[in-house]
Amino acid sequence: MLSAQERAQVAQVWDLIAGHEAPFGAELLLRLFTVYPSTKTYFKHLGDRPDEVQLLSHGQRVLEAVGVAVRHMDNLRAALSPLADLHAHVLRVDPTNFPLLIQCFQVVLASHLQGEFTVEMQVVWDKFLTGLAVVLTEKYH
Amino acid sequence: MVHFTAEEKAAITGLWGKVNVEEAGGEALGRLLVVYPWTQRFFDSFGNLSSPSAIMGNPKVKAHGKKVLTSFGDAVKNMDNLKGAFAKLSELHCDKLHVDPENFRLLGNVMVIILASHFGREFTPELQAAWQKLVAGVATALAHKYH
């Protein structure tokens, strides 16, 4: 799905995130919950106003999974199979929520990278994250 | 009907005052056409859209982007009556331009990303929430007269 050049671009952006999965993930979730409050229904265990510790912990988990995807772009289905099972049978997050998370991901990238957030980065990450969401929801039926 | 608190209105107008409408408009439309290439279907007459750099540098894209974002300024001035403010444009987009309203949502999201890139850390989650609410309201208003 992604060309060799696109994969290189994904990896290049990931280099900026690697090592900072927790704060990046925390901001991602904070934006998700602030902008799209209905998404909090999937995180009842974090309470109505998740605190920084919870956001960092769960944010790290989410971003580490994205890191797994980055390292296995040529074999996403196999690498993410356990997560796909989890989302299909346990979490059952409605598929319409993934674009909301992707929007927030792009906003975090854009606000951190600012002028360096090129249109090429935006298109390649949109493609990559959308593909990721497809894999995570593939076992839903 | 979408309702904005006093804080949300202040946050939105405060940021809008610092936006270079001409530049941001071209960037928004350009990024829409690059990131969601199927949106190019409405712009056959725009000439060279063959690559990201061609699109971002295309003078027609820049000019049209400026037009679109200038019109968006009406939204900022009429947050309490988006449907009224965009009634005529809604008819135009349905009857003459035949644009699927989903495209308004895509453009709105691209605009938010551009604001984030321009304003960096200043673009807080609360600011993002206010702006996502506004772009969603505009998209709904633009779709309101469709029949």
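Colleague: How many residues of chain A and of chain B are in contact in this model?

Modeller: In this predicted model, 22 residues of chain A are in contact with 23 residues of chain B, where contact stands for heavy atoms within 4.5 Å. Between them the two chains bury about 1900 Å², with 58% of that area on carbon and sulfur atoms. A:Q103, A:V119 and A:Q122 supply 28% of what chain A buries against chain B, more than any other three residues.

Colleague: What makes the pair B:R121 and A:E27 a salt bridge?

Modeller: The closest N and O atoms of B:R121 and A:E27 are 3.1 Å apart, and the rule asks for a side-chain nitrogen of Lys or Arg within 4 Å of a carboxyl oxygen of Asp or Glu, so the pair qualifies. Across the interface of chain A and chain B the rule finds one salt bridge, while 14 residue pairs, both residues at pLDDT 80 or more, are in polar contact there.

Colleague: Which elements of chain A give two or more residues to the side that touches chain B?

Modeller: They are α2 (21-35), α6 (98-113) and α7 (119-137) of chain A, and the largest share, seven residues, comes from α6(A). Sorted by class, this side of chain A has nine nonpolar, nine polar and four charged residues.

Colleague: Why are α1(A) and α7(A) called roughly perpendicular?

Modeller: The axes of α1(A), which spans residues 4-17, and α7(A) come within 9 Å and cross at roughly 95 degrees. Angles of 65 to 115 degrees count as roughly perpendicular, and therefore the two helices are described in that way. Among the residues that make their contact are A:W14 and A:I17 of α1(A) and A:W125 and A:F128 of α7(A), and by class the contact has eight nonpolar, one polar and three charged residues.

Colleague: How do you know that A:E6 and A:K127 form a salt bridge?

Modeller: The N to O distance between the side chains of A:E6 and A:K127 is 3.0 Å, and the cut-off is 4 Å, so this pair meets the rule as well. The pair links distant parts of the chain, with A:E6 in helix α1 and A:K127 in helix α7 of chain A, 121 residues apart. Over all chains, a search of the whole structure finds 13 salt bridges.

Conventions:
Residues are numbered from 1 along each chain as its sequence is written. Chains are lettered from A and ligands numbered from 1 in the order in which they are written. This is a predicted model: local features need pLDDT of at least 70, side-chain atom pairs count only at pLDDT 80 or more; totals for chains, interfaces and linings use all residues. Side-chain values use heavy atoms; hydrogens and water are left out. Buried area is the accessible area (1.4 Å probe) that two parts lose on being put together, summed over both. A polar contact is a pair of N or O atoms within 3.5 Å; within protein, one must be able to donate a hydrogen and the other to accept it, and residues adjacent in sequence count only if both atoms are side-chain atoms. Helices (H or I, at least four residues) and strands (E, at least two) are DSSP runs, numbered from the N terminus. Ala, Val, Leu, Ile, Met, Phe, Trp, Tyr, Cys and Pro count as nonpolar, Asp, Glu, Lys and Arg as charged, and the others, Gly among them, as polar. Axes are lines fitted to C-alpha atoms, for helices over the stretch in contact, and angles run from 0 to 180 degrees between N-to-C directions. Angles under 35 degrees count as roughly parallel, over 145 as roughly antiparallel, 65 to 115 as roughly perpendicular and the rest as oblique.
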